[in-house]
Amino acid sequence: MPERQLHLGYMHWLNGTHWGGWRHSHAPTAQAFELEYATRALRIVEDAKFDFFFLGDTLPGDIVGEQWITTHNTGRLEPFTLASQLALNSSRIGLVVTAHPTFYEPYILARLTASLDHLSGGRLAWNVVLGASDLAARNFSLPDLGGAARYERADEFIHVVRRLWDSIEDGAYLQDKKAGRYIDDTKVHRLDWRGRHFQVAGTLPLERPPQGHVPLLYAGASDLSRELSATWADVNFTGPATPEDSIAFNTDVRRRAERLRGRVDPIFFLPGITPLVADTRAEAVELYEELNDLLPFDEDIVEGDQDEAYWSGPDWARISASRSPLPKGVRSVRSLSERVGADLRPLGIDGTVKPDTAERFNDYGRSLLRAVAQRTDRTVDNGGVRVKDVLAASIAGNFPLVIGTAEHVADTLVDWFDRGAAEGFNVSVPFLWEPLERFANEVVPLLQERGVYRAEYTTDTFRGHFGLATPPNSFASTHPEERSA
């Protein structure tokens, strides 16, 4: 086996990542609040020797609105609670929990993560998220902390958490019955932290986590996100469109990390992908288009459900300026036309986009045509692009899709890996269960046959799976840079 091995994580979305996936005839009715639903996915990916099982999370917001987008957000168990149960139902796979620094205190988060790292035998990792949501903030008596402020707070937050993890050194619990010494007080430390955002006296009342510091995951491609990844992340996951984009991003973050950390630390880049596997490419494309037909569109799919004044108002201006998927209420040929820069309404939803029309598309419209071609082989030149193909591409999300046979999916992953565009992938599926089972049972064996992926676990911890060393305790270290606050 070569030294460099590909890594796989599984992003558990209750209904998958395709916004019409839950409606597919083969998709289960999600039992969001039953342990067996999550443990079924857990068993599939641990049997396939995945590095980790990822519990993404968003805090409660507009649950009614979410039903038209990411339906899994309408019913989520609290991730630390669920992860504690998953730890009992697994033995080797890593477990990733998501927590937003804006809505926690460092002491609470440090205690939760350290406790779960102990109880899982060193299998925990923390996914740091910094999304801004005024609806979520209102549940915490907070304003919407958008902009740079939340990054500044998160930077201090993570630093304090790491110091709390270090606050009791290894060997502090003597439990010497003969001498009557329970604790070696020279190995117990108070932070007495006085920062801009936090004041934490703290000693964490438990041994240092088995991994020393619970590994950190982070996603995001903005300049502030790159800085945070470069400062703290062990694993980064984003959604670059091409290997070239991924290589450029990875190189930039690694350069920043060397500058910010003062040393070269390993950072593993695992782009997010959504594989859709079938016996043939044509069958995989057909399944993808079945899913697109299940997307929730406007009732008037051509003219849309909004009145004429809406298109010159502030709500549409905000949506139009974004490149996020079209939300419910503006999923029509009219909204698509406004976005791509060419009026497609005369063609109707089933009309074909001709070359002279495509020439009028703006950059965003051309990116949708590239997505359609990559996913379906339909192009303007071969006369295969319908208006509904472009509309679906503008709604179905930005998740990088790999559509085809198991061999094609494996080839794609190995190509990215061999080119240095990725150390592995954070895998999600468009719906459950068949796409996950096909990836685990058909693609993973191909990766194993090609010698880039483990056939058996060789370690028992999250750090072990990635070959990450246990960081020194900042209170015990003899190196000034490790001891500094």
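Predicted model: local features only at pLDDT ≥ 70, side-chain atom pairs only at ≥ 80, totals over all residues.

Strand pairing. I began with strand 12 (residues 272-277) and strand 14 (residues 424-427), which pair in the parallel sense over two bridges; Gly272 stands opposite Asn426 in strand 14. I took strands (E, at least two residues) and helices (H or I, at least four) as DSSP runs numbered from the N terminus, and I called two strands paired if DSSP finds at least two bridges between them.

Basis. Residues are numbered from 1 along each chain as its sequence is written, and side-chain values use heavy atoms, with hydrogens and water left out.

I then followed an open sheet of 10 strands with parallel pairing, in the order 11-10-9-4-3-2-1-14-12-13. Strand 11 (268-269) and strand 13 (401-404) stand at its edges with a single partner strand each, so one side of each has no neighbour in the sheet.

A hairpin. Strand 5 (residues 173-176) and strand 6 (residues 181-183) pair in the antiparallel sense over two bridges, and Asp176 stands opposite Arg181 in strand 6. The two strands form a hairpin with four residues between them, and in the turn I noted a positive phi of about 75° for Gly180.

Helix contact. The axes of helix 11 (residues 333-340) and helix 13 (residues 363-376) come within 7 Å and cross at roughly 115°; axes are lines fitted to C-alpha atoms over the stretch in contact, with angles from 0 to 180 degrees between N-to-C directions. Leu336, Arg339 and Val340 in helix 11 meet Tyr364, Gly365 and Leu368 in helix 13, where contact means heavy atoms within 4.5 Å.

Aromatic rings. I found 18 aromatic pairs in the whole structure, counting rings of Phe, Tyr and Trp (its six-membered ring) with centres within 6.5 Å, and calling planes under 30 degrees apart stacked, over 60 edge-to-face and the rest tilted. Phe52 and Phe462 form a stacked pair, 5.7 Å centre to centre with 25° between the planes. Phe52 lies in strand 2 (residues 52-55) and Phe462 in helix 17 (residues 462-466), so this pair ties together parts that are 410 residues apart in sequence.
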